Amino acid sequence: MRIDPARLIDAIADCMIENMQELTELDAAIGDADHGLNMRKGGEALRADMAAFKAASLPQALQLAGNILATTVGGAAGPLYGSLLMTMGKSIGPDPDLGEVGKALVAGVEAMERLGKVEAGQKTMLDVWKPVSRLVAREGATVQSVRALAHEAAVATIPMEARRGRASYLGERSRGHMDPGARSSELLILAVIDALEFEQ
Ligand SMILES: [Mg+2]
């Protein structure tokens, strides 16, 4: 699989900047309305380092992007996205096949899980990353199935009661709203798939 690191990071940055409004609205409903702005800040910080990404290998680019997101995106999301990308960067080779991408994604999601002390079903971004990483790691997963699952998993957070993060303060009242981190995760997964143009 050919992955151009700069193209990949550019797609991630665009996604983080373009979806500011929607993510702000989702976080306003059950959180503190900062997720959209935080993500945009992270996207702009990635953009500011594009020269470095153009010179980087895929593992280097993922680790650098992870570092940038961990330090520039506020809230819980920054460190979680940061650990996901940094761990993926440490787990992947410069020219990975789909199997290697799946393994690196599983390792990254496990790092995120440990750092956030979060489990599936608590209405967080993990509710998207966990099933998606398992599917990508499974042999024969199609692009269509990954896209569909990312969307279904984000939608599935709507009826959940939040058990982690600021939304958990709302208890029962957190039900009926999509988790902002789950939505940004879905959007990032779709953006990365588009950028990679996986050949099946
Ligand atoms: Mg927030």
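**Entry 1: the largest cavity**

I began with the lining of the largest cavity: 24 residues contribute, and Leu-8, Met-88, Leu-105, Trp-129 and Val-192 lie nearest its centre. This is a predicted model, in which local features need pLDDT of at least 70, side-chain atom pairs count only at pLDDT 80 or more, and totals for chains, interfaces and linings use all residues. I also noted that residues are numbered from 1 along each chain as its sequence is written, and that side-chain values use heavy atoms, with hydrogens and water left out.

Grid points are joined across faces, edges and corners, and a volume is the space filled by probe spheres set on the points.

I get two cavities of 30 Å³ or more, and the largest has a volume of about 420 Å³. Helices here are DSSP runs (H or I, at least four residues), numbered from the N terminus. At least two lining residues come from each of α1 (5-18), α5 (58-72), α6 (77-91), α7, α8, α9 and α10. Which helix gives the most to this lining? It is α10, with five residues.

**Entry 2: the largest pocket**

Next I looked up the largest pocket, which holds about 580 Å³ of space. Its lining has 28 residues, with Ala-76, Ala-77, Arg-164, Gly-165 and Arg-166 nearest the centre. The elements giving two or more residues to that lining are α2 (20-30), α3 (35-48), α6, α7 and α10.

**Entry 3: the nonpolar core**

A nonpolar core is a set of buried Ala, Val, Leu, Ile, Met, Phe, Trp, Tyr and Cys residues joined through side-chain atoms within 4.5 Å. Buried means under 20% relative accessible area, exposed over 50%, and partly exposed in between (1.4 Å probe, protein chains only). The largest core has 57 residues, of which Leu-46, Tyr-81 and Trp-129 touch the most other members.

Leaving out residues up to four places away in sequence, Leu-46 touches Ile-9, Ile-12, Ala-13, Met-16, Phe-53, Ala-65, Ile-68 and Leu-69.

**Entry 4: salt bridges**

How many salt bridges does the structure hold? I find eleven, each a side-chain nitrogen of Lys or Arg within 4 Å of a carboxyl oxygen of Asp or Glu.

Lys-130 pairs with Glu-113, with the closest N and O atoms 2.9 Å apart. This pair joins helix α8 (residues 126-137) to helix α7 (residues 98-116), 17 residues apart. Lys-130 is buried, at 15% relative accessible area.

Glu-161 bridges to Arg-175 at 3.2 Å, N to O; both sit in the loop between α9 (143-155) and α10 (180-196), 14 residues apart. Glu-161 also bridges to Arg-163, at 4.0 Å. A network of salt bridges links Glu-161, Arg-163, Glu-172 and Arg-175.

**Entry 5: Thr-157**

Last, I checked Thr-157, in the loop between α9 and α10. Thr-157 is buried, with a relative accessible area of 0%. A polar atom of the Thr-157 side chain lies 2.7 Å from the backbone oxygen of Ala-154. Beyond four places in sequence, Thr-157 touches Lys-123, Thr-124, Asp-127, His-177, Met-178, Asp-179 and Ala-182.

Methods: Contact means heavy atoms within 4.5 Å. A polar contact is a pair of N or O atoms within 3.5 Å; within protein, one must be able to donate a hydrogen and the other to accept it, and residues adjacent in sequence count only if both atoms are side-chain atoms. On a 1 Å grid over the protein atoms alone, a cavity is a set of points where a 1.4 Å probe fits but cannot get out, and a pocket is an open set with protein on both sides within 12 Å along at least five of seven lines; lining residues have an atom within 4 Å of a point.
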